[in-house]
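Below is a brief report on one protein chain. Please look over the sequence and the structure first.

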Amino acid sequence: MKRTYVKDVKVGEENKVQGFIENIRDKKTMAFIVIRDITGKLQVTIEKEKHPEIAEAIAGLLPHSVITVEGPVLANDFVKMGGIEMLPERVTVESRAEALPLGPDANIDTRLDYRWIDLRTEKNQLMFQMQTEMVNSFREFALSRNFIEIHTPKLIGAASESGSDVFEVQYFEGKAYLAQSPQFYKQMAMASGFEGIFEVGPVFRAEKSYTNKHATEFTGFDIEMSYIESYEDVMKFEEEMLTYALGKLKEKYGERIKETF
C-alpha cells in the first residue's frame, strides 16, 4: 500500500500512515497512539484482544519512536483530533526511541546539542514550512515578471563590495574570500542582457558586532533589474513581491501561525 500523509487520509478507506509517536497511552485492553507526520496528527486506537500481535509490537514504545500503521480510518465524534481515528490492522515499528535527552523547557545549549530532536516540535517545523512558502512565493513572483534565477560563486578572488569585512579562506596554494554580496555578478548579468535576475543564497559578513541581531552568515534574496526610471521602480517591485508572498503565506498557514504563535 502506498503511504498517505495524515492531511490526505481518506475516511472509510484503508490508509497507510508513517510518522513519529507524539503520545502513547497503553492501557490493559486498549492502546491509544497519536502519530504525527510533517502534515498533521492522527489518533490510532488499538483493541488489544482483537490484535494481540499489535499489542506485543507496541509494548514499551516511547514517544518519538517511528511506526507505520495500516488500516481503516473511521469517523468518531468522540475523538477530539479531527473527529477521525485509525483502527490499525498492522503496525510496524521502524525505530524505537529511548527517553529524550531534552524537554520542552531545555536551555538553548542543550537544544542546539540535540538540534535534530529540537526541530521535531510543531513550532520549529512550522517556521521552516513558512520559510519554504515565502521563498517559493518570491520565486513565483519573479518568474512571472520574466526574471531569470542565477547562482553566483561564494568563493571569490577579491572582496566584491567595499565597506564590508570579508572572511579569508585558504584556497589550495592561494587565498580566497567568502562572498559578502552577489552584487558584482548581478551587474554582470545586466550587462549580459538578462534584464531581470534573482538569487537565493548565503551571504557572509565578517563584521564585528555585539548585537543579538547581527548575523555573520545569512540567506539573502537578491534581485537586479534593467530599464528602470528610478529607485522607485525597484521599491515598487519589492513591495508587490512582499505583498504577494505574505498573501500566499496567510492563505496557506495563517490559521496555524495564529494558533502556534
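Strand β10 (residues 174–178) is joined to β9 by 4 bridges, and the two run antiparallel. The model is predicted.

These strands belong to an open sheet of 3 strands, ordered β8-β10-β9, with antiparallel pairing. β8 (155–156) and β9 (168–171) are the edge strands, each pairing on one side only.

## The bent helix

Helix α6 covers residues 231–260. A straight helix of 30 residues would span 44 Å at 1.5 Å a residue, yet the end C-alpha atoms of α6 are only 38 Å apart. There is a bend of about 75 degrees in α6 at Tyr 253.

Which residues of α6 are buried? They are Phe 237, Met 241, Ala 245, Leu 249, Tyr 253 and Gly 254. An α-helix has 3.6 residues a turn, so residues three or four places apart point the same way. The buried residues of α6 pack against α4 (122–144) and β12 (217–225).

In soluble globular proteins, nonpolar side chains tend to be buried together. The largest nonpolar core here has 20 residues. Within this core, Val 17, Ile 33, Ile 58 and Val 69 touch the most other members. At least two core residues come from each of β1 (14–26), β2 (30–37), β3 (40–47), α1 (52–58), β4 (66–75) and β5 (84–86).

What does Val 17 contact, leaving aside its neighbours within four places in sequence? Its contacts are Thr 4, Val 6, Val 9, Ile 35, Leu 42, Ile 67, Thr 68, Val 69 and Met 86.

A second, separate core holds 15 residues, including Phe 138, Phe 147, Ile 223 and Phe 237. Phe 237 is also one of the buried residues of α6.

## Positive phi in two loops

Most residues other than glycine have a negative phi. Asn 146 has a positive phi, near 70 degrees, and is not a glycine. Asn 146 lies in the loop between α4 and β7 (148–149). Is Asn 146 buried or exposed? Asn 146 counts as exposed because its relative accessibility is 65%, and the cut-off for exposed is over 50%.

Tyr 227 also has a positive phi, about 55 degrees, without being a glycine. Its place is the loop between β12 and α6. With a relative accessibility of 73%, Tyr 227 counts as exposed too.

Methods: Residues numbered from 1 in each chain as written. Predicted model: local features only at pLDDT ≥ 70, side-chain atom pairs only at ≥ 80, totals over all residues. Heavy atoms only, no water. Expected span 1.5 Å × (residues − 1). Bend = angle between axes of the 7 residues up to and from the residue. Buried < 20%, exposed > 50% of the residue type's maximum accessible area, 1.4 Å probe, protein only. Contact = heavy atoms within 4.5 Å. Pairing = 2+ DSSP bridges. Core = buried A, V, L, I, M, F, W, Y, C linked by side-chain atoms within 4.5 Å.
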